[in-house]
Amino acid sequence: MPSYADVLLVRHGESEANAAGRFACRTWDPPLTSAGSLEAERLARQLLNAPVRYIVTSPLLRARQTIAPLARIHHIDPVVLEDLAEVDLGQWDGHRLKDLENANSPAFQAWRRDPENNPPPGGESIMTVGQRVLTALSQFLQTCEPSTLTVAATHADCIKGALLVILEAHGPAARHIWVPNTGQLLLRWFDNGRWVVIFSPLCNAREEECDLD
């Protein structure tokens, strides 16, 4: 039977970019808003009794600020994984979503329909994002103790992309996935390279609940 480790993907709390309706990927690294800071504290209380063994985070400030309260109460130093960073939106980085919508850009409309086959100009496709996130997590988990829980602070499209890759879904399916601020997705990684999604309360995800074939 392969050994495993669990990963709880967590989107950051509300950032200044979220509040302003702006994309923030590479050229702008905004902090959390006051509401986002409260969401981070709420997340820490929610996971107070979870068996968290490791914490990893995107290098972006909003993710690091989100995970800081949880790291503090569990006395864990977060590890920064560069490949948990937000999707690269290329030429749209820093732009307001409303401005892009009002411009009626064919490229933007195509991306909204299918972010896999129509990536932003100079940016990444959704499946590329998901694969880099899963690869980074796999490499990290290979260094960890088995049967442990890692909490990973990242971004909405990173979580969507990871889910699409695991489910072998198509790009347009991303538009049917909503990840709110501090939204969470529980995954299980096996040392044979397999990933599964766990629809279970965090502390009740037992080994026998997964199909290991």
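This is a predicted model: local features need pLDDT of at least 70, side-chain atom pairs count only at pLDDT 80 or more; totals for chains, interfaces and linings use all residues.

Select α6, residues 126-141, together with α7: the two pack at an angle of about 85 degrees, and their axes are 7 Å apart. Angles of 65 to 115 degrees count as roughly perpendicular, so α6 is roughly perpendicular to α7.

Now show the side chains where they touch. On the α6 side, pick Ile126, Met127, Val129, Gly130, Gln131, Arg132, Val133 and Leu134; on the α7 side, the partners are Asp157, Cys158, Lys160, Gly161, Ala162, Leu164, Val165 and Ile166. Colour this contact by class and you get 10 nonpolar, 3 polar and 3 charged residues.

## The largest pocket

Next stop: an open space. The largest pocket holds about 660 Å³. To find its centre, select Arg11, Asn18, Phe23, Leu97 and Ala156, the closest to it of the 27 lining residues.

Which helices each supply at least two residues of that lining? Highlight α1 (16-20), α5 (106-113) and α7 (156-167). The largest share, 3 residues, comes from α7. By class, the pocket lining has 14 nonpolar, 5 polar and 8 charged residues.

Last stop: the count comes to 1 cavity of 30 Å³ or more. About 50 Å³ of space lies in the largest cavity. Select Val87, Trp111, Pro115, Glu124, Ser125, Ile126, Asp157, Lys160, Ala174 and Arg175 to see what lines it. Sorted by class, that lining is 5 nonpolar, 1 polar and 4 charged residues.

Methods: Residues are numbered from 1 along each chain as its sequence is written. Side-chain values use heavy atoms; hydrogens and water are left out. On a 1 Å grid over the protein atoms alone, a cavity is a set of points where a 1.4 Å probe fits but cannot get out, and a pocket is an open set with protein on both sides within 12 Å along at least five of seven lines; lining residues have an atom within 4 Å of a point. Grid points are joined across faces, edges and corners, and a volume is the space filled by probe spheres set on the points. Ala, Val, Leu, Ile, Met, Phe, Trp, Tyr, Cys and Pro count as nonpolar, Asp, Glu, Lys and Arg as charged, and the others, Gly among them, as polar. Helices (H or I, at least four residues) and strands (E, at least two) are DSSP runs, numbered from the N terminus. Axes are lines fitted to C-alpha atoms, for helices over the stretch in contact, and angles run from 0 to 180 degrees between N-to-C directions. Angles under 35 degrees count as roughly parallel, over 145 as roughly antiparallel, 65 to 115 as roughly perpendicular and the rest as oblique. Contact means heavy atoms within 4.5 Å.
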